[in-house]
Amino acid sequence: MIRFSGITPSGHAQLGNYLGAIQRWAAEGGEDDLYFVSDLHAMTTTHNPAKLRGLSGELLAVLIASGIPPERVFVQSDLARQLGALTWVLECTCSYGEAARMIQFKEKSKGRTGSRLSLLTYPVLMAADILLQGAAEVPVGEDQRQHVELARVLARRFNNTYGEVFTVPAAVLPPTGARVRDLADPARKMSKSARDSAGVVSVLDPAELVRRKFRRAVTDGGSVPEYLPEQRPGLANLLEIMAACTGTKPADVAAEYGSYGALKDAVADAVIETLRPVRESATALLADPGELDRVRRAGAVRASERGEHRLQSALRLIGAG
Ligand code: AQP
């Protein structure tokens, strides 16, 4: 059974990506699972090519530095030819109405005709990502569930119309993990693409910067630390981060600290220690572009070899190739 998940280089990898996803991928991934840097998905709105290339390399380094075996990692655009071909096949299996119904498309395009066409079609590319690799389970957040449903519909339709080629994938909600909030605005989740980086801890931030960001974290008043997620989301966020880093419970963490200052310093220390090996190893990889490139090319060869027979079967059955 293949599990398959990705991360989009829309910004620097942040603490939420690490605690909520990457760390688990590294710990729980099975031999056949695949994780990828979805750089083609970062092009549906205005983007800077040089920045995108840099962030893709950085995210690849972070995935490997986090302990995901290099043979389970690849960069999406290295499979651009296969994915381009399969996306076309799947676009010929999908209706305009199905693509236009996607909630993310409606929200992001806001009916603007100047939106990139790829904003409409990227769920079909996502279906190609999943179906090319024969993934059975796709761990995604609620916001991506509809896109995996589309991949499911297209796989079934193709198999029923032309012949059995694709594994029908299922969206699975990842086990409840840390949902990390922005330190400066706990109403929002921490995001790589946040406009203001004051409340966003990047995986590669130096220790002193991490400490400063935690010292300035919003903690919504109150005299002593208590775990009250509804009433005090900023404080709860710190407690949850600490619990995720140390394998404890947020309420137990709260009981240990008598002041906000002490708690903030302790959370900063825990985060710095959790991220230290990842930062050191990613920095070393990034300083050796030849090695990173070698790992990237090997990952691309493996991922494309795994998917090629499905693409060829699909082309043959659809009357092409
Ligand atoms: N704050 C978060 N807490 C826990 N998990 C998070 N993830 C993202 N933010 C948090 C998880 O990270 C994985 C990769 O995310 P993605 O690249 O697919 O896009 P995203 O979920 O939209 O992440 P960002 O950082 O918020 O990116 P932008 O700014 O581009 O929207 C996913 O498994 C996600 O659940």
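Student: Which residues does N237 touch, not counting those up to four places away in sequence?
Tutor: N237 touches R179, V180, R181, D182 and L183, where contact means heavy atoms within 4.5 Å. This is a predicted model, where local features need pLDDT of at least 70, side-chain atom pairs count only at pLDDT 80 or more, and totals for chains, interfaces and linings use all residues. Residues are numbered from 1 along each chain as its sequence is written, and side-chain values use heavy atoms, with hydrogens and water left out.

Student: Got it. Is N237 buried or exposed?
Tutor: N237 counts as buried because its relative accessibility is 2%. Buried means under 20% relative accessible area, exposed over 50%, and partly exposed in between (1.4 Å probe, protein chains only).

Student: And what does its side chain reach at 2.8 Å?
Tutor: The side chain of N237 reaches the backbone oxygen of R181 at that distance, 2.8 Å.

Student: New topic: how many residues are in the largest nonpolar core?
Tutor: There are 54. A nonpolar core is a set of buried Ala, Val, Leu, Ile, Met, Phe, Trp, Tyr and Cys residues joined through side-chain atoms within 4.5 Å. V201 and F214 are among those with the most contacts inside this core.

Student: What does V201 contact, leaving aside neighbours within four places in sequence?
Tutor: Its contacts include L15, L183, F214 and V271.

Student: Which residues are in the second, separate core?
Tutor: That core has 42 residues, including L79, L150, A155 and L311.

Definitions and conventions. A polar contact is a pair of N or O atoms within 3.5 Å; within protein, one must be able to donate a hydrogen and the other to accept it, and residues adjacent in sequence count only if both atoms are side-chain atoms.
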